[in-house]
Amino acid sequence: MLNKFMKRGNRKGSKSDDLAFPPSNRGSGVVASSNVVVNHASRVGVPGSGGPNATPQGVGGGGMIVAAPPTGSVESLPLFKDVPTGERQNLFMRKLQICSYQFDFSDTLKSVREKEIKRQTLMELIEFIQSGSGKIHETVQEEMIKMVSINIFRCLPPSSHENTGVEATDPEEEEPFLEPSWPHLQLVYELLLRYVVSQDTDTKIAKRYIDHSFVLKLLDLFDSEDPREREYLKTILHRIYGKFMVHRPFIRKAINNIFYRFVYETERHSGVGELLEILGSIINGFALPMKEEHKLFLVRALIPLHKPKPVGLYHQQLSYCITQFVEKDYKLADTVIRGLLKYWPVTNCQKEVLFLGELEEVLEATQAAEFQRCMVSLFKQIARCLNSPHFQVAERALFLWNNEHIVSLIAQNRSVILPIIFEALEKNIQSHWNQAVHGLTVNVRKMFLEMDVELFEECQRQYEDKVSRAKEVEEQRQLTWKRLAEVAGEEDMVTT
């Protein structure tokens, strides 16, 4: 109960897996009502209180603090279309000032008029940027980034277990915290997105304000629990990476550091999936031959992401990134497969199913030489999966033989692979409880028989010899225990 109270959220909605623009309000139109400006002469009460809920923030040069508007003490601002072109830059600055005021959204009945005024102002700024009515001056760009920073850069609310001190729950079962100020926050993100993608935005000027510090703070926000916010962040960061080439190495390094902290320290981060979606697009654009820096990123950051327990939350995106690396450079297949084996789950059957699916995708892009380097350790693990009492694991392992490329690799190396998995196949046929697994095993066994009858018969003979020896050992062990019991019984009789 306390957990739900602290979160004040609704259940997480579905989100797209692509890097398309998030939904915007462009289609809804802008209400043709006037915006407002502060009447500083009518300030009342505590300086900077600005009515019941507005929070004063710095806008303009020198970090000037502007008081928020008291309720009812506002003046109308004209729309952009109603003023001469020469005055629009100044009007833009005044509208930015309005948008720098923040309001308390914990009570929906407070400052309703002021909140609506800010929302309408943000929508008009978005339309102005999107319409390409003219380049905005450098000073105005600086003030706009300041306004965006004031609105989006904030301390994120703690997770439920951090708030209450209770033991952390499974992230998959937690209800996400939905940001109450989203009606304003969404429009601020939309404004930033339109500014970044605008053809009128000169990167030589914009990079002075969208700098490393700004990008780093943007990356910190990926830990937001609100999926709507992470979707916008994903799109904006991807656009920044594409447009600001000077920031590319820094962004990759910063994402790297987030992954290190997630894997080796916290194992809790809400935005790993979104960051991986961005990386999937980045990896797709890597030039060949691949830089050593990128290969180290694969080994040190991406492969270890298989280790954390909540890997299921982002495994689809992770698997795509890993497969992209192998498709780009097939020589990395051995490194990737050995990495998967290193982090292979021991007791988590659902993770095993995910790993087997990823393994199939990697093997599809694997060439014969790389396959031969890792096939012994690989098929020892597959043999264990074949005998798994969890039918989904055994079934998913057997599905590997439905892939023509994998079957061709197995056929080329059958003299090594069949002796490794023959025992697992026989055990399934003799004793596996699931009928579907039993049927699939019979099919795989038949496939090996058709590949090489002589090899199959040799493996069968060795297996029968092994079973026979094991039976003899067991009989000898039972006989020994029987003799010990008889001796112990005789001693008891003598004692009595």
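**Notes on the predicted model**

1. Of the contacts in the protein with a separation of 6 or more, 77% are between residues 24 or more positions apart. This is a predicted model, and the protein in it contains 21 helices and 4 strands.

2. Buried residues account for 47% of the 496 residues in the protein. The protein exposes about 25100 Å², and 52% of that area is supplied by carbon and sulfur atoms.

3. The peptide bond that joins Leu-288 and Pro-289 is cis, with omega about 0 degrees, and Pro-289 belongs to the loop between helix H11 (272-284) and helix H12 (292-302).

4. Glu-267, although not a glycine, has a positive phi of about 55 degrees. Glu-267 is found in the loop between helix H10 (248-266) and H11, and this residue counts as partly exposed because its relative accessibility is 28%, which falls between the limits of 20% and 50%.

5. Asn-434 sits in the loop between helix H19 (414-431) and helix H20 (435-451). With a relative accessible area of 12%, Asn-434 is buried, since the cut-off for that class is under 20%. A polar atom of the Asn-434 side chain lies 3.0 Å from the backbone nitrogen of Ala-436.

Conventions
Residues numbered from 1 in each chain as written. Predicted model: local features only at pLDDT ≥ 70, side-chain atom pairs only at ≥ 80, totals over all residues. Heavy atoms only, no water. Helix = DSSP H or I, 4+ residues; strand = E, 2+ residues; numbered from the N terminus. Buried < 20%, exposed > 50% of the residue type's maximum accessible area, 1.4 Å probe, protein only. Polar contact = N/O pair within 3.5 Å; in protein donor to acceptor, adjacent residues only side chain to side chain. Contact = heavy atoms within 4.5 Å. Areas by Shrake-Rupley, 256 points an atom, 1.4 Å probe, with all protein chains shown as cover.
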